[in-house]
Number of protein chains: 2
Amino acid sequence: MEQMFIYLVPVLGIVGLIIMAIKSAWVTKQDAGDATMQELAGHIARGAMAFLRAEWKVLFYFVVIAGIVLGWSGTLVENSSWIIAVSFVIGAVLSAFAGYLGMNIATKANVRTTEAARTSLAKALKVSFTGGSVMGIGVAGLAVLGMGSLFILFYNMFVVSTGGDVNGDAMATALEVLAGFSLGAESIALFARVGGGIYTKAADVGADLVGKVEAGIPEDDVRNPATIADNVGDNVGDVAGMGADLFGSYVATILASMVLGREIVSVDNFGGIAPVLLPLVIAGLGLMFSIIGTLFVKISSENASVQSALNKGNWISIILTVAASYFVIMYMLPEGDLMLSRGGSIAFTKMGVFGAVVIGLIVGALMSIITEYYTAMGKRPVNSIIKQSSTGHATNIIGGLSVGMESTVLPILVLAGGIYGSFLAAGLYGVAIAAAGMMATTAMQLAIDAFGPIADNAGGIAEMSGLPKEVRERTDILDAVGNTTAAAGKGFAIASAALTALALFAAYVGLAGINSIDIYKADVLSGLFVGAMIPFIFSSLAIAAVGRAAMDMVNEVRRQFREIPGIMEYKAKPEYEKCVEISTQASIREMVAPGAIALLSPIIVGFAFGPEVLGGLLAGITVSGVLMGIFQNNAGGAWDNAKKSFEKGVEIDGKMEFKGSEAHKASVTGDTVGDPFKDTSGPSMNILIKLTSIVALIIAPHISEVPHGTVSDSGFVEDSKEITLIEENSEAKLETIERLKIQ
Amino acid sequence: MEQMFIYLVPVLGIVGLIIMAIKSAWVTKQDAGDATMQELAGHIARGAMAFLRAEWKVLFYFVVIAGIVLGWSGTLVENSSWIIAVSFVIGAVLSAFAGYLGMNIATKANVRTTEAARTSLAKALKVSFTGGSVMGIGVAGLAVLGMGSLFILFYNMFVVSTGGDVNGDAMATALEVLAGFSLGAESIALFARVGGGIYTKAADVGADLVGKVEAGIPEDDVRNPATIADNVGDNVGDVAGMGADLFGSYVATILASMVLGREIVSVDNFGGIAPVLLPLVIAGLGLMFSIIGTLFVKISSENASVQSALNKGNWISIILTVAASYFVIMYMLPEGDLMLSRGGSIAFTKMGVFGAVVIGLIVGALMSIITEYYTAMGKRPVNSIIKQSSTGHATNIIGGLSVGMESTVLPILVLAGGIYGSFLAAGLYGVAIAAAGMMATTAMQLAIDAFGPIADNAGGIAEMSGLPKEVRERTDILDAVGNTTAAAGKGFAIASAALTALALFAAYVGLAGINSIDIYKADVLSGLFVGAMIPFIFSSLAIAAVGRAAMDMVNEVRRQFREIPGIMEYKAKPEYEKCVEISTQASIREMVAPGAIALLSPIIVGFAFGPEVLGGLLAGITVSGVLMGIFQNNAGGAWDNAKKSFEKGVEIDGKMEFKGSEAHKASVTGDTVGDPFKDTSGPSMNILIKLTSIVALIIAPHISEVPHGTVSDSGFVEDSKEITLIEENSEAKLETIERLKIQ
């Protein structure tokens, strides 16, 4: 019976997708409002699809070429196969499909939320949050279904059918091929996150510069050809970008835990693969409990707290997942000591594995809380920037940079504590499982994140359609909550990327056949230096790209105003699609350089200098990327809310300052600087650190120093206690192999 | 005879100091100009002394308390002594004295340069450069004398008199005690660089905000109470800060090379201590050849190139030092293979040691060239910022941040290549020797650096005294060259700090009794994360401190305008000393937090988590600190020159823009943001990474995992060739010990 357990995972994924379809249908059948509203929404939806089509065209070639190279390389080494190319393509397609799902529902839910807000706040929350849930459940459902079914396929193909060792080369090959899925997912995420980030800010800045400054028409005016691109950008960046990012993290975390799980010799009722299966099962359960959690996100009156409703749903899904994880871990894992078969490993019990899950959830929660503190209105960091706005542009910038740098302290201490704690709880497997625990409720996290931009767009549509004041007031309440959840979501995303990268890092070391990454060696230290530099050049390119892409947009808008007569008199329609295409093409063109750095640097370093130097490179990228990510996200978020504070009026040295004051102008400068920080380069750090780690994992068998995959050849025994353990484990392993052969 | 060679080093130091005294006397006897000029110079000189007095008062307590703790801790472990406290105090006193020397000559040379500029450019260059030379030669002379004589003392005390092993515990103790000198020097450097950086920018911003904005009087007006503090600040930050920084690097580099040299078993004519003695001898020779190089810095006509004259002197000193190093290395080191006695070590020859010296010099030169490119007027990076100034404050800031981040790429590749290359040339000893080679001509580098601010001040005095136009034109020529050398000097300073920190890092690992720093261990990786975060919080504190200190200054200036009648009518003299004291107190108060982080973080981590985690912390601080230093220095330098470009007029999209245009205003914002970047937090990174490494070195014996100091106990033998070498070396060592006992 236990052998059938493996089929549970894809079934949970399918259940999730069915529920998503039901929720999606419910959103679609809601009232989309009057003709003006529908027209506006239609432009945005078509623009979003135009972006996806253009992106897919480019990605098609990338996926084909990368797939061929990958398939060819898979035939070169013992522990891989050409099938990795299939896995890669499926990962890429599912990631693209997840992006489509999110974008599609977001562009439907926005106008329906506006219409719902005419009735009540409760209805508006229901529509917008259901829209977010479709995205969240869809992303997690596709990941669970894809990973679950591919694992069954590859497990049967490479392990069961060959009678191979579940702790050895056979399972290593199955997981290496499965890693292709993760590479596909993360590659698309690179385009979605970096390209989307460039897109949204290029459109935003470009629309403002010509429309507001040159033509003198208000923001979000339908006569501005770039306005639709601007609105599309919000969906492209905040919805699809975040979705692809978390889809990638989710898949990569599960993968890393599985790869590390292979190295645990486990005498269990699952043919010895319980530690490999566990992360998949936790992900499936997290999906189910996230769905249950979404049912609790509702309010009953106009005065109820939206934030409390979201928190309630979030905590219910977390607590249920923790409880379920406890029982699953106790049921699946064997009694007694477990350990990885590698140097520096420590022995742990299944209780320790559960402890790691709990640590991961705590790290995620703390990261969200800290991020919120540093970017929320009314707290010390944002207030300090407001105060420094009164002495001009420069002091506003200095204040924001200082806040951003300061905001790295607590998250890093939490992360470092989490790494160390989860390692003590369950060794390197614990670090990976902590990440898996944190990511288990991804569906819920993403629902909360995606709800924000939907509410934001809904407010914009209400404003542009000239709806009654109370409609905008209701969407504003949702939007304000959305700003808070967006900041917290970024904290969660960078924490998940960091833990995922570390789990991949640990998995990589195992596959690369090395026992240590000793930065006391000159070449490894050089790798660390070069790695730490990469997030700097990546950020530099991303920031500069926004500037250049915005200039392209400016030129196109000027051309339309010049060449299409009647736009200003509403007699002619601007060619929105042209702007959308300009922004799309510019974003795809500009993300080639950073993308190439992320994809190629680990390949070059790995093949030129070997696996240990590559390990140094990865550590450098991860450490520096996490810091630069937190710094840029939080500085940008704090600048944004410092500016927003002026809208309500702020008190500086006993004097009230409002929109239009000199201090407010200074705060606008900070906000503009913060835009590429928080929406382009900052969030791109997540992808950078994960993608480089996955690439390293994929090339590990090619650059491996010793043949890998078995327990004995990687042992680095440090004391007599461990020797005994390994001997005991070896006996257990032999038993497992015997049992498998009998089956 | 060879045994007397050891006494050569302090003799060279004394020779240097005598030449410095002669040059200093020459500067002093130059004409100091008319009464107005002398009065202005007098204010600046008194202000500078006021800063030093106030600083020394605080430092006195710090040195006494730290000295007592250090002396007490020295008695706790076998491989140290209470004498480390004496060494520490001497290091602190000499560093403070070096700062006094530099500040004293700079405040004399400035006005004399102004007066000389009335005659000719050649004369003005001679006075200002001689002033710079006094500082450079003084700093290097004190370092060579101090390190040389203390080494003789401790060598006789701990090794010769006890008949101890030159490769073992006895020499380890001598060098550990000598490390106190370096700690003293670097602690004072922390105050000078960080405090000085906060001082100069607080005074600058404070003087501008009240004087220019509120009172409406011009910059550098004698009625502004903060004007003297502003001018003092230039000397405090650029002269004394840089001097103390390089004094610290110079001493720390020599020390690290000596500590690593101890581990080389060398059968030479110097009692087996040639590898320990070599860095001292190279430093002494570099001092001599720097002095010779200064003789070539002169021009014969008004149209001659000042930059070429400086380059000529610089290259002569470098080439002579390289040539001399070759002969000294060939003379001192034995034939055949040499190697450290530790894991991961490689064998090398004395030719390799010479190769490492050359690599160090190349790294230093390349770093200067790259830094110059990224911050010079007329080059792509600065031009890109100029162009982005045309669209406003925000795009100017984005441009500068992007340039700063991009500018990390080449320096990091050069550094990584240098680390790897010097390691291949002569193992870890090679990395340290490369740093020593780079630092050998510190006297010349510092002369070139200090000449800039002297010329800058000279120009200011010319302007304020209403001297003829051609005087200002001549000082402007010198000032422009000074701006270029200042940028190059910062590149050199960060490179030297990086190599020094790495050499100290290598020395630390040896003293801490560990063989590797494996970031694959969860606790070490956590240390790496926390370490990499420290430069961010350090920068945040430094930047924020400038803001707060500037506010203190503003309040004091407002008080004086209010309470002292007649200032505006030139009837009453403002209380310049009050502003100087405010700035001094504020800077000392504000640097406590960053200083405590630098001093305490390695102590806390080392004792709480052990030597390997501390190694991770150090690596994190070094990597992240180097990146943040380069980023901030170059962004600040580029912003500064983008602003300066507007003074001559720049062409943006075919239109000329000048001072006062909107684009120029945007460039001023960038310059103001860049001020604390390039003069406070950026240069502080140098001190941060060196000081934490020295603290780690000092506490290494206290947290050592195994008793250290002998060859055998640290061996981690990797292949049979190394085993043979170690056996051979062991025999050689025994011979050496025998020989020492006979003497």
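**A loop tyrosine and its chain**

B:Tyr570 sits in the loop of chain B that runs between helix H15 (522–563) and helix H16 (576–590); helices (H or I, at least four residues) are DSSP runs numbered from the N terminus. The model is predicted, so local features need pLDDT of at least 70 and side-chain atom pairs count only at pLDDT 80 or more, while totals for chains, interfaces and linings use all residues. Residues are numbered from 1 along each chain as its sequence is written, chains are lettered from A and ligands numbered from 1 in the order in which they are written, and side-chain values use heavy atoms, with hydrogens and water left out.

The phi of B:Tyr570 is positive, near 60°, in a residue other than glycine. B:Tyr570 is exposed, with a relative accessible area of 55%; exposed means over 50% and buried under 20%, with partly exposed in between (1.4 Å probe, protein chains only). In chain A, A:Tyr570 lies in the loop between helix H15 (522–563) and helix H16 (576–590). A:Tyr570 is not a glycine, yet has a positive phi of about 60°.

Chain A contains 20 helices and 2 strands, a strand being a DSSP run of E of at least two residues. Its radius of gyration is 25 Å, close to the 27 Å that the globule rule gives for 743 residues, so chain A is as compact as a globular protein of that length. That radius is taken over C-alpha atoms, and the rule is 2.2 Å times the number of residues to the power 0.38. Of the 743 residues of chain A, 68% are buried.
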